[in-house]
Amino acid sequence: MRHFIAEKDLQGALTQYSWTKYSTVTSIECKESDSIWIVATNDDWRRQLIEAKQKVSHAVLLTFNYDRLEMQTALMLGARAYCHALGTESLLASVARVIEAGGMWIPNELLSVTTSNIATNLQAKRVLPTLKSLTNRERDVLGCILDGLSNKEIARVLGITERTVKEYVGTLLNKFRAKDRINLLLRLGEFSHLKDVL
């Protein structure tokens, strides 16, 4: 397994592994069994993670500040590990061994929170397939709903008629099996932060 990482400074942390530097995820020439390590230094990490998962089965998100929602989003987008970018060499080596063995890595600091939210994760299994089936315009309307906009405001923002917005809202309610907007938001639950990847 080869390891690809964009941040040259972090390559030295795992000296027993051979690192290959990349400038963009799409430019990486790799095998599915390789791993791509992405650093969450800007909002672009979500797109990079999605692109990485199209190339490899082992993607890791490195962060400089543990955040439960960031971790949850990364895992839902297919990351096999979430760990601190400034972790010790032994920690990063453990992460590499775990993902090579087919496991997942979650930091101890967030593990208890994660296990206490199993019911929420089960809800995600129902929500995410529905998110994947949305058209681009449905995603736009859903994003506006998550922002708390009214039908009139959505129509103005998207440059469509209010009647068209109502049709899209109706379609979204059907797809999520929700009877109204409140029920839709409840069904999305705390996964509404996934708006960033809609």
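**Exercise 1. Find which residues Asn183 touches beyond four places away in sequence, and place Asn183 in the chain.**

Step 1. Setting aside residues up to four places away in sequence, Asn183 touches Arg177 and Ala178. Keep in mind as you look that this is a predicted model.

Step 2. Now find the element: Asn183 belongs to helix 10, which covers residues 181-188.

Step 3. Is Asn183 buried or exposed? Its relative accessibility is 18%, and the cut-off for buried is under 20%, so Asn183 counts as buried.

Step 4. For a distance, go to Leu173, which is 10 residues from Asn183 along the chain. The C-alpha atoms of Asn183 and Leu173 are separated by 8.6 Å.

**Exercise 2. Work out how helix 8 and helix 9 are arranged, and which residues make the contact.**

Step 1. Two packed helices are described by the angle between their axes and the distance between the axes.

Step 2. The axes of helix 8 and helix 9 (residues 162-175) come within 8 Å and cross at roughly 110 degrees.

Step 3. Angles of 65 to 115 degrees count as roughly perpendicular, so that is how helix 8 and helix 9 stand to each other.

Step 4. On the helix 8 side, the contact is made by Asn151, Lys152, Ile154 and Ala155. Helix 9 brings Glu162, Val165, Lys166 and Val169. Sorted by class, this contact has 4 nonpolar, 1 polar and 3 charged residues.

Step 5. Zoom in on Asn151, in helix 8 (residues 151-158). Asn151 is buried, with a relative accessible area of 18%. Beyond four places in sequence, Asn151 touches Glu162, Val165, Lys166, Val169 and also Arg181.

**Exercise 3. Do the like for helix 7 and helix 9, then follow Glu138.**

Step 1. Helix 7 and helix 9 pack at an angle of about 90 degrees, and their axes are 10 Å apart. That makes helix 7 roughly perpendicular to helix 9.

Step 2. From helix 7 come Arg137, Glu138, Val141, Leu142 and Ile145; they meet Tyr168, Val169, Thr171, Leu172 and Lys175 in helix 9. The classes here are 6 nonpolar, 1 polar and 3 charged residues.

Step 3. Glu138 sits in helix 7, residues 136-146. With a relative accessible area of 6%, Glu138 is buried.

Step 4. Which residues does Glu138 contact, leaving aside neighbours within four places in sequence? They are Ser133, Tyr168, Thr171, Leu172 and Lys175. Glu138 and Thr171 are 33 residues apart in sequence, yet their C-alpha atoms are 8.2 Å apart in space.

**Exercise 4. Examine His58 and its surroundings.**

Step 1. Look in strand 4, residues 58-63, to find His58.

Step 2. The relative accessibility of His58 is 11%, so His58 counts as buried.

Step 3. Apart from neighbours within four places in sequence, His58 is in contact with several residues, among them Met1, Glu32, Asp34, Arg80 and Ile99.

Step 4. Look again at Ile99: its backbone oxygen lies 3.0 Å from a polar atom of the His58 side chain.

Methods: Residues numbered from 1 in each chain as written. Predicted model: local features only at pLDDT ≥ 70, side-chain atom pairs only at ≥ 80, totals over all residues. Heavy atoms only, no water. Helix = DSSP H or I, 4+ residues; strand = E, 2+ residues; numbered from the N terminus. Buried < 20%, exposed > 50% of the residue type's maximum accessible area, 1.4 Å probe, protein only. Contact = heavy atoms within 4.5 Å. Axes fitted to C-alpha atoms, helices over the stretch in contact; angles between N-to-C directions. Parallel < 35°, antiparallel > 145°, perpendicular 65-115°, else oblique. Nonpolar A, V, L, I, M, F, W, Y, C, P; charged D, E, K, R; others polar. Polar contact = N/O pair within 3.5 Å; in protein donor to acceptor, adjacent residues only side chain to side chain.
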